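Open the model in your viewer and keep the selection panel at hand. The tour moves from one selection to the next.

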Amino acid sequence: MEFHGNCKRVFQEEDLRQIFLLTVEVLQEFSRREHLSAQMSSVFQRYLALANQVLSWNFLPPNYILSTAERFMCGHFHRLT
């Protein structure tokens with residue numbers, strides 16, 4: 001369980017923010033359009049669901065500290081340098 005928690009912490013600190021920012025950009029672009037085709041409406045709904053998932057994320061507490069070795073094991077060592 002500790003390894004899973006460590007990887008979750010790395011993901012929420014580094015990747016989840018990027019996913020949310022991209023999702024907000026896409027939703028803003030959709031909001032500028034007056035009409036959406038059925039296909040575009042489907043894409044919009046998927047991005048809206050993704051934004052909801054990010055906002056509903058069960059965050060680990062800020063004091064959940066990772067060592068460099070733990071980050072490396074989670075595949076995010078390159079971001080530390």
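**Start in helix α3**

Select Ala49, which lies in helix α3. Helices here are DSSP runs of H or I with at least four residues, numbered from the N terminus. This is a predicted model, where local features need pLDDT of at least 70, side-chain atom pairs count only at pLDDT 80 or more, and totals for chains, interfaces and linings use all residues. Residues are numbered from 1 along each chain as its sequence is written, and side-chain values use heavy atoms, with hydrogens and water left out.

Colour by accessibility. Ala49 has a relative accessible area of 41%, so it is partly exposed. The scale runs as follows: buried is under 20% relative accessible area, exposed is over 50%, and partly exposed is in between, with a 1.4 Å probe and protein chains only.

The C-alpha atoms of Ala49 and Thr23 are separated by 9.8 Å, and the two residues are 26 apart along the chain. Thr23 sits in helix α2. Is Thr23 buried or exposed? Its relative accessibility is 1%, so Thr23 counts as buried. Show its contacts, meaning heavy atoms within 4.5 Å. Leaving aside neighbours within four places in sequence, Thr23 touches Tyr47, Leu50 and Ala51.

**Look down α2**

Select residues 16-31, helix α2. It has 16 residues, which at 1.5 Å a residue should span 22 Å; the end C-alpha atoms are 22 Å apart, in agreement. The expected span is 1.5 Å times one less than the number of residues.

Which residues of α2 are buried? They are Leu16, Thr23, Val26, Leu27 and Phe30. These cover an arc of only 100° around the axis, so they lie on the same side of α2. The arc is that of the directions from the helix axis to the C-beta atoms. An α-helix has 3.6 residues a turn, so residues three or four places apart point the same way. Then return to the buried residues of α2, whose cover includes α1 and α3 (38-55).

**Move to α1**

Select residues 2-14, helix α1. Its 13 residues should span 18 Å at 1.5 Å a residue, and the end C-alpha atoms are 18 Å apart, which agrees. Gly5, Asn6, Arg9, Val10, Gln12 and Glu14 are buried in α1.

Show α1 and α2 together. Their axes come within 4 Å and cross at roughly 40°. Axes are lines fitted to C-alpha atoms, for helices over the stretch in contact, and angles run from 0 to 180 degrees between N-to-C directions. On the α1 side, Phe11, Gln12 and Glu14 make the contact; on the α2 side, Leu16, Arg17, Gln18 and Ile19 do.

**Finish at the rings**

Show the aromatic side chains. How many aromatic pairs does a search of the whole structure find? It finds three. Rings of Phe, Tyr and Trp (its six-membered ring) pair if their centres lie within 6.5 Å; planes under 30 degrees apart count as stacked, over 60 as edge-to-face and the rest as tilted.

Phe11 and Trp57 form a tilted pair, 5.4 Å centre to centre with 45° between the planes. Phe11 is in helix α1 and Trp57 in the loop between α3 and α4 (68-73), so the pair ties together parts that are 46 residues apart in sequence. Trp57 and Phe59 pair edge-to-face, 6.5 Å centre to centre and 65° between the planes. Phe59 is partly exposed at 47% relative accessible area. Ring pairs link Phe11, Trp57 and Phe59 into a cluster.

Note on methods
Helix = DSSP H or I, 4+ residues; strand = E, 2+ residues; numbered from the N terminus.
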